[in-house]
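Please open the model in your viewer and keep the selection tool at hand. The stops below tell you what to select next and what is there.

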Amino acid sequence: MITATAPAKVILTGEHFVVHGQPALAAAIDIYSKVTVTSNIPKIIEISSSALGTTSKFSIKQLGKKSNQISNDGIMDPLKHIVEKILQTAGQIDRGLKIQIDSKIPVGVGLGSSASTAVSTTMAVARYLNLELEKNDIFEIASIQEKLIHKKPSGIDCTTATYGGVIFFKIGKVPEYLKPNNSINIVIGDTRSKRSTGDLVTKVTQRVNLGNGEISRISKSAGKLTMEAVKSYREGDFNNLGKLMNKNQKFLQKIGVSTVQLDRLVNIAQQAGALGAKLTGAGGGGCMIALCRPDNKYKVANAIENAGGRSYIVSIDTTGVKSENLST
Ligand code: PMV
């Protein structure tokens, strides 16, 4: 039996703009997806998710079938493509597998749950088949799912889930891993409203493609903001990093991806003394993050809870995906 875990992520600055070529700053956090692989009768693949309460069972013949439709029935379809790719790469297309997903990452709220699950599934299945994959291969295979679900992902979610740590990311550039700083305190506030990353990315992309001058100006400013955020992070200047996050939230409001609930939790966190706060991920609902001092993170978390949000106090994950062989 093989188990693999991969972290969730938060984006400190630069979501959406990263899809259009600007840099972003992201961090892996200590909330994990866990995938366990055991044997099954030959050619039968069973994928169950405790969080989604679904089980999908299919014979190996169906694996190649294309399914871009994410419905209740087809919710596991993108993962099937990953499993197929690994079985093919390992030359073991006749194997049967039971894949159990137990994720603690809230689904559909901007914490990269689908990327994390894709990454942990890739590693667990590969290890089970004794296929040695480098992290780079894990990233490539896991990205198959992200492309099916999110249509035009930047790759930031899979990168963070695979490698862990704090990442300075730009499409087409080798990601830069910044030294994790333990004194960074992040509180997440979940508005508890789900949304689709793919739809939000498409909405922003359509406006960019229409040649909307305002969006392109905001996008450039957001890119500069991330460069300054990276400098502040490196220097441990969290006061300035917080200010930049507040400014980034204004850009995200302007491009129409924040919501009344997100703005409310952002304001509440700022009033409770957070150094900075903004939505994280695609927006349209989902989560916000607050950068806090160690002595006020509980106050900020309580303020979020009192306002009806769900709070998580998180630390940075420095490892990324990892696996364990439980039978030895
Ligand atoms: O909402 P999430 O966790 O899937 O994050 C999406 C981040 C975006 O920048 C909006 C999209 C991307 O692929 O970078």
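**Around the ligand**

Begin by selecting Ala282, where a backbone N or O atom lies 3.0 Å from an oxygen atom of the ligand, a polar contact being a pair of N or O atoms within 3.5 Å, and within protein one atom must be able to donate a hydrogen and the other to accept it, with residues adjacent in sequence counting only if both atoms are side-chain atoms. Before going further, note that this is a predicted model, in which local features need pLDDT of at least 70 and side-chain atom pairs count only at pLDDT 80 or more, whereas totals for chains, interfaces and linings use all residues. Residues are numbered from 1 along each chain as its sequence is written, and side-chain values use heavy atoms, with hydrogens and water left out.

**The nonpolar cores**

Next select Leu25, Ile186, Ile188, Leu241, Met288, Ala290 and Val300, which have the most contacts inside the largest nonpolar core, a set of 60 residues. Such a core consists of buried Ala, Val, Leu, Ile, Met, Phe, Trp, Tyr and Cys residues joined through side-chain atoms within 4.5 Å, where buried means under 20% relative accessible area, exposed over 50% and partly exposed in between (1.4 Å probe, protein chains only). Helix H6, at residues 213-235, gives the most to this core, with 7 residues.

Centre on Val300 and, leaving aside residues up to four places away in sequence, you will find that Val300 touches Val187, Ala269, Ala272, Ala274, Ala290 and Cys292, with contact meaning heavy atoms within 4.5 Å. A second, separate core has 37 residues, including Ala4, Ile47, Ile86 and Val321.

**Gln249 in helix H7**

Finally, move to Gln249, which is placed in helix H7 (residues 238-254); helices are DSSP runs of H or I with at least four residues, numbered from the N terminus. Gln249 is buried, at a relative accessible area of 3%, and a polar contact of 3.0 Å joins the side chains of Gln249 and Ser258.

Technical notes. Helix = DSSP H or I, 4+ residues; strand = E, 2+ residues; numbered from the N terminus.
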